[in-house]
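Subject: Structure handover and findings

Hello,

Here is the structure for your files. My notes on it follow below.

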Amino acid sequence: MQNVHVLQLQGTGDDEYAWENAGVFVKYEDAVTKLAYINAEYDVLVFTLDDNARIEVWELEDDNWGY
């Protein structure tokens, strides 16, 4: 089993309450780094973890997909 970390941002599309994926990462730290990079593009703190940004952990299953 492999865990992935999905960075999600709220309010980036037409629906200000919808969550949209901003990236999928193997390491939690990489998702945090991407969030910092996104905020740096705006020159202000736009997205804050546990407010309008979140990192969900998903567990992947390898069913061997026919191999």
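Contact here means heavy atoms within 4.5 Å. With neighbours within four places in sequence left aside, I55 is in contact with H5, V6, L7, Y28, A31, V32 and L49.

Some conventions. This is a predicted model, in which local features need pLDDT of at least 70 and side-chain atom pairs count only at pLDDT 80 or more, while totals for chains, interfaces and linings use all residues. Residues are numbered from 1 along each chain as its sequence is written, and side-chain values use heavy atoms, with hydrogens and water left out.

Overall layout

The protein chain has one helix and three strands; helices (H or I, at least four residues) and strands (E, at least two) are DSSP runs, numbered from the N terminus. Their pattern along the sequence is β-β-α-β. The radius of gyration (taken over C-alpha atoms) is 14 Å, well over the 11 Å that the globule rule gives for 67 residues, so the protein chain is more spread out than a compact globule. That rule is 2.2 Å times the number of residues to the power 0.38. The C-alpha trace spans about 45 × 25 × 20 Å along its principal axes.

Of the contacts with a separation of 6 or more, 48% are between residues 24 or more positions apart. The accessible surface of the protein chain is about 5200 Å², and carbon and sulfur atoms hold 49% of that. Areas come from the Shrake-Rupley method with a 1.4 Å probe; for residues, only the protein chains shown count as cover. Of the 67 residues, 24% count as buried, where buried means under 20% relative accessible area, exposed over 50%, and partly exposed in between (1.4 Å probe, protein chains only).

Core

A nonpolar core is a set of buried Ala, Val, Leu, Ile, Met, Phe, Trp, Tyr and Cys residues joined through side-chain atoms within 4.5 Å. The largest one has nine residues: L7, L9, F25, A31, L35, I38, F47, A53 and I55. Two or more residues each come from β1 (2–10), α1 (28–42) and β3 (53–60). The element that gives the most is α1, with three residues.

V6, one of the contacts of I55, lies in strand β1. V6 counts as buried because its relative accessibility is 7%. Apart from neighbours within four places in sequence, V6 is in contact with N21, G23, V24, R54, I55, E56 and W58. V6 and E16 are ten residues apart in sequence, with 19 Å between their C-alpha atoms.

R54 and E56, both among the contacts of V6, form a salt bridge, with the closest N and O atoms 3.6 Å apart. The structure holds one such bridge, defined as a side-chain nitrogen of Lys or Arg within 4 Å of a carboxyl oxygen of Asp or Glu. R54 is partly exposed at a relative accessible area of 28%, and E56 counts as partly exposed at 25%.

Regards
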